[in-house]
Amino acid sequence: MTEAILQSILSGLAVGGAYALVALGFSITFTTTKTLNFAHGEFVSAGAFISMSALFLLLGMPVTSTTFGQTQPGTGAQLLALAAALGVMGALGWLLYIVGVRPFAGRPGMAWVMSTLGFGVILQSIGLAIWGPKPVVVPSPLGDSVIRVLGIGVRPQELLTLGVAVVITLGLDWVMNHTMAGKAMRAVAANGQVASLMGINTNAMMAGAFVMSSALAGLSGFLLAPIAQASLFLGLAVGLKGFSGAIIGGLNNPRGCVIGGFALGVLESLVNLWSAQWREVAVFALVILVLALRPTGLFGKAMVEKV
């Protein structure tokens with residue numbers, strides 16, 4: 001029983017790493033622009049398919065292929081596919097900000113909600129037209145052999161997802177607190193008007209936030225595709241769980257969002273060990289409970305606006 005629990009915790013941390021990256025993406029856009037990308041889940045799916053398509057092209061196969069067969073892409077091909085996913089998704093994040101967020105940011109109402117949702121629907125529809133609804137098994141950069149330690153079996157891709165999530169989180173935390181770009185972004189998050197008066201290009205910082213957030217979504221899709229298969233419906237659940245993790249940790253606290261994402265992954269895995277039918281119930285019951293007791297999240301701070 002102990003081995004099963006440890007197995008669930010480790011698997012939960014791996015999936016929680018993807019949730020943490022998505023939650024971090026939500027936090028970046030919220031703290032900087034006071035808006036959210038409600039197409040974030042579709043961006044995760046798009047990242048998975050962009051990287052998958054890059055692999056097909058590098059292997060000399062049609063983009064619309066539905067299987068890799070016995071072909072195993074090399075490390076170089078995987079890195080190029082990752083670069084393609086990050087680049088394309090970052091560009092899509094910039095486009096989303098220019099077209100769907102900037103015209104409405106700072107204005108009364110929530111028109112940006114519908115514009116981001118519409119952007120996600122367009123992305124998914126284009127994906128269905130090109131690749132169709134069938135999921136694709138994507139080979140892992142590290143292979144599919146199971147690593148066993150003390151009776152616990154774990155796939156290399158799960159360890160990679162966990163490791164990358166931790167490194168990205170620590171690296172981004174350092175950038176935000178020890179670089180001029182990070183401090184400028186924090187200044188815009190604190191007060192955009194004052195930051196603008198101090199010479200900071202607030203539009204560039206806000207666009208950068210969406211580029212960074214979308215690139216993180218692409219990274220999540222790249223990491224999750226070998227674990228859960230590449231599917232255009234993959235991002236719906238991942239985006240919702242990532243957003244739930246951000247709500248639990250506190251949307252305006254990036255570190256709290258990461259903790260919330262990891263905690264949600266572990267909770268989901270442990271409940272799944274007991275009864276899979278109660279997994280979603282437990283996850284969203286926790287979200288409701290946290291919102292009832294602490295509306296700003298466990299680590300979030302109440303936002304006070306001075307008039």
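Trainee: How many residues does helix H11 have, and what span does helix H11 reach from its first C-alpha to its last?
Mentor: This is a predicted model, in which local features need pLDDT of at least 70, side-chain atom pairs count only at pLDDT 80 or more, and totals for chains, interfaces and linings use all residues. Residues are numbered from 1 along each chain as its sequence is written, and side-chain values use heavy atoms, without hydrogens and water. Helices are DSSP runs (H or I, at least four residues), numbered from the N terminus, and the expected span is 1.5 Å times one less than the number of residues. H11 covers residues 279-293, is close to the expected 21 Å, and has 15 residues and a span of 21 Å.

Trainee: Which residues of H11 are buried?
Mentor: Buried means under 20% relative accessible area, exposed over 50%, and partly exposed in between (1.4 Å probe, protein chains only). On the other side of H11, Ile288, Ala292 and Leu293 are exposed. The buried residues are Val283, Val287 and Val290.

Trainee: Why do the buried residues of H11 line one face of the helix?
Mentor: The arc is taken from the directions from the helix axis to the C-beta atoms. Seen down the axis of H11, the buried residues line one face because they fall within an arc of 70°.

Trainee: Which helices do the buried residues of H11 pack against?
Mentor: Contact means heavy atoms within 4.5 Å. What covers the buried residues of H10 includes H11. The buried residues of H11 pack against H9 (234-249) and H10 (254-274).

Note on methods: Helices (H or I, at least four residues) and strands (E, at least two) are DSSP runs, numbered from the N terminus.
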